[in-house]
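Colleague: Could you walk me through this structure? I would like to take it one piece at a time.

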Amino acid sequence: MTLRSPLVGGRARVAVVATPFGFGPSSKAYSIGQVLARDHRLDVAYYGTDSALDFFTAQPDAPAHPLDDPLPGQDPPALRSADAVVNVLAPELIGTDRLAARTYYVDSLGFMWTAADVPPDSPLHRVRAYLAQDLFGSVAHLARLGLRDVIPVSGIVARPPAAPPTVPAPAGPPGGTAARAARRPRVLVQLGGLGNPAGHTSGRVYLALVERLLAAVRDDSVEMTAAMNHANGAFTLQAGVPVRQLSAADFRTALGRCDVVLSSPGMTTLVEVSQAGRPYVPLPPQNWSQVLICRHLSARSAHDLWPFLTAPYDGIADGAPEAAKAVAVQEVNRRLGRDDGYAARYAQLARHAMGNPETPDLGAPYDGAHEVAAVVAADLAARRSAVEPTTEATAS
């Protein structure tokens, strides 16, 4: 008996996975999965570990499951049974050529890789499609590394919610403007996920540095709240401000209500802030990709804060392995967390940036989630047509 392809009959099953490298990859994976489920009517489920699972389970409409470690040379069981896998920055989850042939790989940080990250035997050379968020020249850079069939997509982020109907502002108290209490500016501190190749130690070191900087910046003139993941209790922020883990929708709401975003310079947050047109003030980088992002944005900004943030990391060798660079960033952040002069200078520059609002310059459009989903859905439809039995074949 010949088994029918799982693509024949019923909806195609799509497994969505992301590296537990902060919240950026998970957020992008979730945005793509939502488009696949909502607009293309595919059966989508999310799988992850650590901060990726943390993010997926925070979403009210994402069927999320823990991802078991595969045996050596095998693929995770949940991915073996899927018709397609959308994989955001997790090449370690592509264990066999069979899974590579069903994997649509999404790279949001293509500008940062070296030749050592994509050697000739890397599964990334064998995936069904390689799609890259084409910021900072990512696609051209990947081509120089030997990945020449990369599909460029724009900023990968969920579309913003529809604007609510305009509601007239309530009448102020008697006595005119002078009698009204001025509203304090609302600062949203976005720390997102804190995972990286250096492990949880790096996240804790970074939070200790952030606590110093927030204490130096914060005063009674601003209303400050923080958003971050807790990685099942691995991370806490002791900064005297309310801290919440926000779903993707909750973060977009908070983004629309704040006056300025104070954030680690992660790519996803920067794309979301740029899309929303919100003022932005960076915190120091918490991993190597954010060091490179700071360098790129330093050339696009008038604020002295960006070059101030990049300088402490200039001694890290660009060609070192990714894990070694992550540890090097961790050790720089450990040193900065003990430096009173650094905290004072950061506070001075950050307050100046808050008083001179600037939105990060990342360009547009921001339709990458739909672009990736369209590629996946069209290819699945073509595969279905290729394997679906004809009426004559079924009758015989």
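Predicted model: local features only at pLDDT ≥ 70, side-chain atom pairs only at ≥ 80, totals over all residues.

Colleague: How much space lies in the largest pocket?

Modeller: The computed value for the largest pocket is about 420 Å³ of space.

Colleague: And which residues lie nearest its centre?

Modeller: The lining is made up of 22 residues, and those nearest the centre of the pocket are Thr19, Leu89, Pro91, Glu92 and Trp113. Sorted by class, the lining of this largest pocket has 12 nonpolar residues, together with five polar and five charged ones.

Colleague: New topic: how many residues has helix H13?

Modeller: Helix H13 covers residues 368-387, which gives 20 residues, and from its first C-alpha to its last it reaches 29 Å, close to the expected 28 Å.

Colleague: Which of the residues in H13 are buried?

Modeller: The buried residues of H13 are Gly368, Ala369, His370, Val372, Ala373, Val376, Ala377, Leu380 and Arg383.

Colleague: What covers them?

Modeller: The cover over the buried residues of H13 includes helix H1 (24-38) and several strands, among them E1 (13-18), E4 (84-88) and E5 (103-107).

Colleague: Now the open sheet of five strands: what is the order?

Modeller: The order is E10-E9-E8-E11-E12, and the pairing is parallel. Strand E10 (243-244) and strand E12 (280-282) are the edge strands, each of them pairing on one side only.

Colleague: Over how many bridges do E11 and E12 pair?

Modeller: Strand E11, residues 260-263, pairs with E12 over three bridges in the parallel sense, and Pro282 in E12 is the bridge partner of Ser263.

How values were computed:
Residues numbered from 1 in each chain as written. Heavy atoms only, no water. 1 Å grid on protein atoms, 1.4 Å probe; cavity = no way out; pocket = protein on both sides within 12 Å on 5 of 7 lines; lining within 4 Å. Points joined across faces, edges and corners; volume = space filled by probe spheres on them. Nonpolar A, V, L, I, M, F, W, Y, C, P; charged D, E, K, R; others polar. Helix = DSSP H or I, 4+ residues; strand = E, 2+ residues; numbered from the N terminus. Expected span 1.5 Å × (residues − 1). Buried < 20%, exposed > 50% of the residue type's maximum accessible area, 1.4 Å probe, protein only. Contact = heavy atoms within 4.5 Å. Pairing = 2+ DSSP bridges.
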